[in-house]
Amino acid sequence: MSVSYRVPGKGRLTQAKTARFTFDDQSYSGVAGDTLASALLANGVHLVGRSFKYHRPRGILSAGAEEPNALVGIHRDAARKTPNVRATVQELYDGLAAVSQNRWPSLSFDVGAVNDLASPFFSAGFYYKTFMWPKAAWKSLYEPKIREAAGLGVSPELPDPDHYAARFAHCEVLVLGGGAAGIAAALAAAETGVRVILADEQADFGGALRFESGSVIDGQNGWDWAQASVAKLAAMENVRVLSRTTAFGYYAQNFVGLVERVSDHMQAPHPDLPRERLWQVRAKRVVIATGAIERHMVFADNDRPGVMLASAARAYLNHYGVAVGRNVGVYTANDSAYAAAIDLKKAGVNIAAIVDLRDNPAGSIIDEARAMGIEIHGGRAVVRVGGKLRVTSMTVQPKNGGGERTIPVDAVLMSAGWTPSVHLFSQSRGKVAFNDEVKRFLPGTYAQDCVSAGACNGTDGLSACLDEAYAAGVKAAKDAGGKAAKSTKPKVEASESWSRGMLGAAPGAGPGTTVKAFVDFQNDVTAKDIRQAVHEGMRSIEHVKRFTTNGMATDQGKTSNMHGLAIAADELGKQIPEVGLTTFRAPYTPVTFGSIVGHARGKLFDPTRRTATHGWAERNGAVFEDVGQWKRAWYFPKSGEDIHASVNRECVTVRKTAGLFDASTLGKIEVVGPDAAKFMELLYTNPWEKLEVGRCRYGVMLREDGFIYDDGVVGRLAADRFHVTTTTGGAARVMNHMEDYLQTEFPHLNVWLTSISEQWAVIAVQGPKSRDIIAPLLEGIDISDAAMPHMSVREGKICGVPTRLFRMSFSGERGFEVNVPADYGEAVWEALWAEGQKHGACAYGTETMHVLRAEKGYIIVGQDTDGTVTPDDAALGWAVGKKKTDFVGIRGLKRPDLVAKGRKQLVGLKTKDPNVVLEEGAQIVADPKQPIPMKMLGHVTSSYWSENCGRSIALALVAGGQDRMGETLYVPMPDSTIEVEVTGLVFFDEKGEHLNG
Amino acid sequence: MAKAAVKKPASAPATALVECRPALAGREASGSNVKVSVLPPAERISLRAPEASVAALSRALGVTLPQKPKTSASKNGRTVLWLGPDEWFVIDEAGGNPLDDCTNAKALHSAVGVSHRNVAFAVSGAGAQATVSAGCPQDLSLDAFPVGACSRTVLGKSEILLYRPAADAFRVECWRSFSDYVFTFLTEAARDAAA
Amino acid sequence: MLLIHCPYCEEERPEIEFRNAGEAHIARPSDIASISDADFEKFFFIRDNTKGLVYERWRHVHGCARFFNAVRDSVSDKFVMTYKAGEPKPKKLPGAGK
């Protein structure tokens, strides 16, 4: 296995620094700076994968991010298995382990390759047509089987152990692409002092200078100039240089997403290093310098391992010091492949022949090749290649037909020309325009503050590219507020230049042929498939794309889109611009979920909100439930108790002695100002002007349509100060609702709102012993019934700390809610708990709170109401101030539908069998024997076992419910029908004597 | 943690018979170039007032209320942040009682004590800006967010108050129940602040 | 993520600090209790949902907390301008013909 294709003296890597790696468990050696692809090629390995649909053997097409073929799995450990990694992008590190994909049992012998033989059955649209009948088979048979067979690579089954960082960044000039043009633009912008970010997807900056051996800039070899320039930029305070960083998405107002691959190239990354870092960049100006991508030639079996892009072979030689073969053929339609042939020839590689589609290729580079003794066949085409796991020959024929000649080769380099990378420009909503002369789409109309420069703008030649990019950098900086700077434009002293080429199928793969001439390698789309799509009626390029899946793989058609378009246009008999280009969408290259998620995992997925007494509850065995982002104590089981036993005990204890409940999550708003009462009058249905200072009132808030929006107890602390409470879930939206009206409808009122939800910890002490528990800890508050009746509020001290003490009840028992500054919440709870223990009080959670309030028929907004319930519907008509002339919802309440008879109204339900507890949400009917679908009268909104009542209780919304008292209704369930009686809402202590009990 | 040096805030009355337990008290975390620490309790009020009351309230508080967006004013351990056109946030770390001070101002206003609503963090060091920028979308460069700048904004999925007391230091405040999230977020971000 | 100019903070701020609050310039009738069903329907339920320039309310909820108005293009998503709550519809829009 010691075959080496490394060429001594070539490339920029230090040969001494070796890195060992495995591919499909076979050990190989590469050198530091290699990509996996260059290291494999150095070992003579071209076969690296199997194709998606036909399982055809595939090699390495490119040397960059556009790679559609060489997709491998990288396995660091059991949890770190990354599928579909482009071998041309993955940098080598010592110990790297890669595996091929989409093959079984082995890469060289793959059973799935039978798909290739059966390919006549798998043509374009195969799935759509074949798996239509019988319909039922889709779910049970076809889809599971297709899913099993489809897809590349294997995703890891363990949670991702890596972490991902995120950063918002702001700059005046963002330069996308770090080739010669991008570097020039960045240099120009940076000199003005503005903030510049320069990003490139490669490990090293330089772009095409990586393979262009003929460029000289400012007296230096092009590559060396690039490295020196970037080093200079990196040293500037106003510049951030990001390598291994892909601009994957271009969004509104120059908001660009970049993913920086921080540690995928490292053997043993420091644990503090993220795997990737997401940069969300806001730039005043963007210079797009994304270069161009070489196209392949579309001919029979152009996917055989060893057939690759000419520029890639050149990069492997000039940068990595690797020859892609020993006897290489070239197939081209433009000049650039000649440079590759010349470089390889100089490195001692035999060039078997250059086959050029052009009739009489002419020019200095052609002369140079000819002078070196390279055989050039003009006006000819490669009509197919030989070999299966590796190309062995190419068959050449005059392009208009004639005698064939087969030339043995071990690699074929191809170039159909260069496609400007307009992806990011297009994502910015810029419109591309077709340049008919050079047959390419170029940036046309701009939609944002950005500019394209260099090869991506269709500019040919290094000198012209640098001039354009430098000017773009100067202008971008100036437009973004940069100062004029002394110009030091880089000077190009030697360069290479080429343009033109061809689009579409090459001779031998055109209309009427059925050969496998691949357009889209990754999705196995051939020229024939595209023609077939047109034959079957697809007219729009968007339909052709979806029917054939051309350009829809993870490579996003970087090499295939233009060929596919040209073939479709040809078949439709239309010009390319008439057929149109498909839309480029983010991401430019695949982006990991990890980088999008960033820090938002585990504890940081969503805030978990805890109250001040959370620790006490935890120490005392509370079981918690999630209420929005809050963790609330649900119930406090004693040893051996399940939820029912615990809740039953808590319910009974509260009514017999007392219980402590953490009500801190309720929303709280302080309404302050001389017009506070006026504002309250407008926002709540109740009257407030006459509420005395020190008294409380239960308030109902409506939306303008007349439906209940929120409720809560409000205390008047002073003539100009109210302490408003809201539901837990309504805290934020009620504040927003109140601010909305205050700021936009009633701005003349002198009143302000402040959220105090988290200022106060709230401890509800409920039950006949509640007063006895609180009293010993109070200072300055008389809590006798005479001094502090039900529904009043006092300020004073408890345990020596300030308190707002409410006498109120959500249980129906004598009750208090002790508000204390949050940092004292837990300690005051503990003091109350100690007092409570003397009386046999318990701690109770949200479940008991729910049962107790249901026993009293107190509603919970959002459970017993659903946004279509009026105060009358909820038996809260008494809370609507009849003399009021305005409040939010006053007009809504008068709408015909809201005053109509037969509305769903809240009532109580008692099951005929007291032991049956209804299911919340269950539907209610009058006649259970009626045919299905039955006429439903309403549904159960709350339902519990009430230990205090010794039976089940339920609340329900029932059509005309308040006129149905005593009626028997039915709740049909899957296994039985439950008989219920309509009752009032209050199940316990109907007279309300317990409030003062 | 400079426990001894901290003055007791006014909301910790001498009469308190029970322990004050601020959230996350004393917690801190470090990255290679940044430190995140939980600040001791302070007195805080939310102050709302029309323009006509600004002078009187400034006199009452002993600090001139800033009237330019995103600016603050600081004097004798008391910092006033502009949060909105009629809204200021007053932080007193010197043991004073701004709520009482406002009560003495006769001019129209609303002052509400929110000392316990918020938890404050100090993010300091060369990596402070990078740490906050992990979750805050605002431009925090010194040109856009100079020393003394302040704003209500977001950090990840939490709302925060952001104030820059020095070039390499930020004060981050959030509501009490979000403090665990915000502290964890800043701790995670601090790991990456060297980049 | 858009940048939105807050007329109170007097600068552009990132969209995630803001929240949309529906169509602007729909004033709550001062005599709302006595308006007709048809007028209430028009006021509360009917919205234009224009394709093109729309007048919207936004709130700088995670900033200065003020509600304000915006003119925006519902096709391109672009903000044309913003102005304070209570101010009338701008007579002339920036970029519009002279």
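**Notebook: chains A, B and C**

I began with chain C, where I find 1 helix and 6 strands; helices (H or I, at least four residues) and strands (E, at least two) are DSSP runs, numbered from the N terminus. This is a predicted model, where local features need pLDDT of at least 70 and side-chain atom pairs count only at pLDDT 80 or more, while totals for chains, interfaces and linings use all residues. Residues are numbered from 1 along each chain as its sequence is written, chains are lettered from A and ligands numbered from 1 in the order in which they are written, and side-chain values use heavy atoms, with hydrogens and water left out.

**Chain C**

Reading from the N terminus, I get the order β-β-β-α-β-β-β for chain C. Its C-alpha trace spans about 40 × 35 × 20 Å along the principal axes. Chain C has 98 residues, and 45% of them count as buried (under 20% relative accessible area; exposed is over 50%, partly exposed in between; 1.4 Å probe, protein chains only). I also looked at contacts, meaning heavy atoms within 4.5 Å. Among those in chain C with a separation of 6 or more, 44% are between residues 24 or more positions apart.

**Chain B against chain C**

Here 16 residues of chain B are in contact with 15 residues of chain C. I get a buried area of about 1100 Å² for this pair, with 54% of it from carbon and sulfur atoms; that is the accessible area (1.4 Å probe) that two parts lose on being put together, summed over both. There are 2 salt bridges between chain B and chain C, a salt bridge being a side-chain nitrogen of Lys or Arg within 4 Å of a carboxyl oxygen of Asp or Glu. D86(B) makes one with R66(C), and their closest N and O atoms are 3.9 Å apart. On the side of chain B that touches chain C, strand 5 (78-84) and strand 9 (150-155) of chain B each supply at least two residues. Strand 9 gives the most, with 4 residues.

**Chain B against chain A**

This contact takes 51 residues from chain B and 52 residues from chain A. The buried area is about 4400 Å², and carbon and sulfur atoms give 54% of it. Which residues of chain B lose the most area to chain A? They are R21(B), H116(B) and R191(B), together 14% of what that side buries. I count 9 salt bridges between the two chains. R277(A) pairs with D192(B) in a salt bridge, with the closest N and O atoms 2.6 Å apart. Helix 4 of chain B gives the largest share of the side that touches chain A, 7 residues.

**Core of chain A**

The largest nonpolar core has 90 residues, and L36(A), M297(A), Y316(A), Y331(A), I354(A), M394(A) and L413(A) touch the most other members. Such a core is a set of buried Ala, Val, Leu, Ile, Met, Phe, Trp, Tyr and Cys residues joined through side-chain atoms within 4.5 Å. Helix 8 (residues 336-346) of chain A gives the most to this core, with 7 residues. Another core, of 49 residues, lies apart from it and includes V647(A) and L985(A).
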